[in-house]
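Biologist: Could you take me through this structure? I have not seen it before.

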Amino acid sequence: MQLNINSELQCGKYRILRVLGQGGFGITYLAEHTMLNKLIAIKEFFPKEYCNRDATSSHVTIGTQSSENLVAQLKNKFIKEARNISRLHHPNIIIIHDIFQENDTAYYVMEYVDGTSLSELVKQNGALSEATAISYIRKVADAVGYMHSLSMNHLDLKPANIMVRSQDNEPILIDFGL
């Protein structure tokens, strides 16, 4: 269960516009930073196997008491992931702007990459040209090499987690995985 459209976070600083994607541990939303009048993406910690949402308050609840410790550990990893990504400064890695806790869960705010995942591009258009594929591979490899130089890993590297930005055709690594 996701946040409702037009839900507000951080006392109205962020307004939810729509869901961009949902995985096993989180929901990513397109949102507006209302003070800057700017589109951003917000990832919410929501392990769907273990959590529910109160429809009236948006608060996240844990399904069973036996899951409380596991969910707490996963939430700490989610926050740690956001902190680690926020320390990265590379043109092909997503930028994290904010981390906060609200609704009994955690969120992080990222730049919104207006584009299409590499996996969707291939589904829609077929195989990439050799030159395009090599260009993307080199840029992604450079980003991963940068991360490795800082003793960090991308734990979910796959075409679905590489966004190709529409404005400049740059590949951007997203969703580093818990």
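**A loop residue, a helix and a strand**

Modeller: Let us begin with N161, which touches H154, D156, I172, L173, I174 and D175, not counting residues up to four places away in sequence; contact means heavy atoms within 4.5 Å. This is a predicted model, in which local features need pLDDT of at least 70, side-chain atom pairs count only at pLDDT 80 or more, and totals for chains, interfaces and linings use all residues. Residues are numbered from 1 along each chain as its sequence is written, and side-chain values use heavy atoms, with hydrogens and water left out.

Biologist: Is N161 buried or exposed?

Modeller: N161 is buried, at a relative accessible area of 5%. Buried means under 20% relative accessible area, exposed over 50%, and partly exposed in between (1.4 Å probe, protein chains only).

Biologist: And where is N161 placed?

Modeller: N161 is in the loop between α3 (130-149) and β10 (162-165). Helices (H or I, at least four residues) and strands (E, at least two) are DSSP runs, numbered from the N terminus.

Biologist: Turning to helix α2, which of its residues are buried?

Modeller: In α2 (residues 118-125), they are L118, S119 and L121. Seen down the axis of α2, the buried residues fall within an arc of 160 degrees, so they line one face of the helix; the arc is that of the directions from the helix axis to the C-beta atoms.

Biologist: What do they pack against?

Modeller: The buried residues of α2 pack against β9 (115-117), α3 and β10. The face turned away from that buried side carries the exposed residues K123 and Q124.
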